[in-house]
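This report describes how selected parts of one protein chain are arranged.

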Amino acid sequence: PSIEAGLGSLMENGINGVQIDQKAFLNAFTLNISPDSLSEILMSLTNLSSVNLESNLRKLGYADSAHPYSIRIYTSTYENKEAAIAVLDSYNAAMEAAGRSGDTITYTDTLGSIVHLIMMVVDIITAVLVAAVTISLVVASIMIGVITYISVLERRKEIGILRAMGSSRRNISQIFRAETVLTGLLSGVMGIALSYLLILPLNAFIHASTQIYDINAFLPVSYALILIAVGAALTTLGGLLPAHGASKCDPVEALRSE
């Protein structure tokens, strides 16, 4: 008993004699790992049940050909893509009609979505350009009418001479209307010719920028003729009132004007 009491006293005194600095103890250990890596380790430890052979193979890109979960279809042409989509739609419609909705195929037409988005942007740009062109045409028609009216005022003496020589009011009106029509035709032809000239460097720029040689800017001949006709019609409308005013000029007053 005396030996045991002595050992107990020695251990008690040894424990009381040893003091541990907690801060120094903690600083003695360093953890060379980032917080993100530590978080991933903890998450993997908590999700051990979801980590199995099938999930790992799926992450590596493996799929059973008998039970695929996705298939990527690449067609050689855009027309073949449309034909493939038509086949899928027909199959889905047949499954829906048979009451087998669970057997339908859900697909994503990536190229079609991109083309649809591009067409939406093109339609918006086209609408903006059409609005700008419409405003320009209206302003041009008004300016042509103003110029024709100024021409009538400056040529009143000429109108009086023509009336004195036997020209009727209709003839005077026809002269100014013919001038406006010719102005519209010539301006339309010049605009179309300039457009065809600009198409050449524009196509060269597109080919050099995109390295795609199947894309070409062009203006169909039918559209060019329509644009010329529209220009002539607008100038004719702009010159109707000044031409009518010229036909109403009094020849005596017109001859007296300077």
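## The packing of H8 and H10

In this predicted model, the axes of helices H8 and H10 come within 8 Å and cross at roughly 150°. An angle over 145 degrees counts as roughly antiparallel, and H8 and H10 are therefore roughly antiparallel to each other. The crossing in which H8 passes H10 is right-handed.

On the H8 side, the residues that meet the other helix are Arg169, Ile172, Ser173, Phe176 and Arg177. Their partners in H10 are Leu240, Ala243, His244, Ala246 and Ser247. Sorted by class, the contact of H8 with H10 has five nonpolar, three polar and two charged residues.

## The packing of H7 and H8

Two packed helices are described by the angle between their axes and by the distance between those axes. Helix H7 covers residues 156-164 and helix H8 covers residues 169-210; the two pack at an angle of about 140°, and their axes are 10 Å apart. That angle makes H7 oblique to H8. The crossing of H7 and H8 is right-handed.

From H7, the contact is made by Ile159, Leu162 and Arg163. From H8, Arg169, Ile172, Ile175 and Phe176 take part. The residues of the contact of H7 with H8 comprise five nonpolar, no polar and two charged.

## Nonpolar cores

Which residues make up the largest nonpolar core? This core has seven residues in all: Val152, Ile159, Ile172, Phe176, Ala243, Ala246 and Cys249. At least two residues of this core are supplied by H8, and at least two by helix H10 (240-247). Another core, of five residues, lies apart from it and includes Ile199, Leu219, Ala224 and Ile228.

Cysteine 249, one of the residues of the largest nonpolar core, is in contact with Arg156, Ile159 and Arg163, if its neighbours within four places in sequence are left aside.

Serine 247 is placed in helix H10. Is serine 247 buried or exposed? Its relative accessibility is 7%, so serine 247 counts as buried. Leaving aside neighbours within four places in sequence, serine 247 is in contact with Arg163, Arg169, Ile172 and Ser173. The C-alpha atoms of serine 247 and phenylalanine 176 are separated by 9.3 Å, although these residues are 71 residues apart along the chain.

Glycine 245 also lies in helix H10. With a relative accessible area of 35%, glycine 245 is partly exposed. The C-alpha atom of glycine 245 is separated by 9.7 Å from that of leucine 153, and the two residues are 92 residues apart along the chain.

Lysine 81 belongs to helix H5, which covers residues 78-97. The relative accessible area of lysine 81 is 8%, so this residue is buried. Apart from neighbours within four places in sequence, lysine 81 is in contact with Thr75, Asp109, Leu111 and Gly112.

Asparagine 203 has its place in helix H8. Its relative accessibility of 11% means that asparagine 203 counts as buried. When residues up to four places away in sequence are not counted, asparagine 203 touches Asn216 and Ala217.

## The protein as a whole

How many helices and strands does the secondary structure of the protein contain? It comes to 11 helices and zero strands. Read from the N terminus on, the elements run α-α-α-α-α-α-α-α-α-α-α.

The protein has 258 residues, and buried residues make up 16% of them. Contacts may also be grouped by how far apart the partners are in sequence. Among contacts between residues at least 6 apart in sequence, 65% join residues at least 24 apart.

How values were computed. Residues numbered from 1 in each chain as written. Predicted model: local features only at pLDDT ≥ 70, side-chain atom pairs only at ≥ 80, totals over all residues. Heavy atoms only, no water. Axes fitted to C-alpha atoms, helices over the stretch in contact; angles between N-to-C directions. Helix = DSSP H or I, 4+ residues; strand = E, 2+ residues; numbered from the N terminus. Parallel < 35°, antiparallel > 145°, perpendicular 65-115°, else oblique. Left-handed = near helix turned anticlockwise from the far one by under 90°. Contact = heavy atoms within 4.5 Å. Nonpolar A, V, L, I, M, F, W, Y, C, P; charged D, E, K, R; others polar. Core = buried A, V, L, I, M, F, W, Y, C linked by side-chain atoms within 4.5 Å. Buried < 20%, exposed > 50% of the residue type's maximum accessible area, 1.4 Å probe, protein only.
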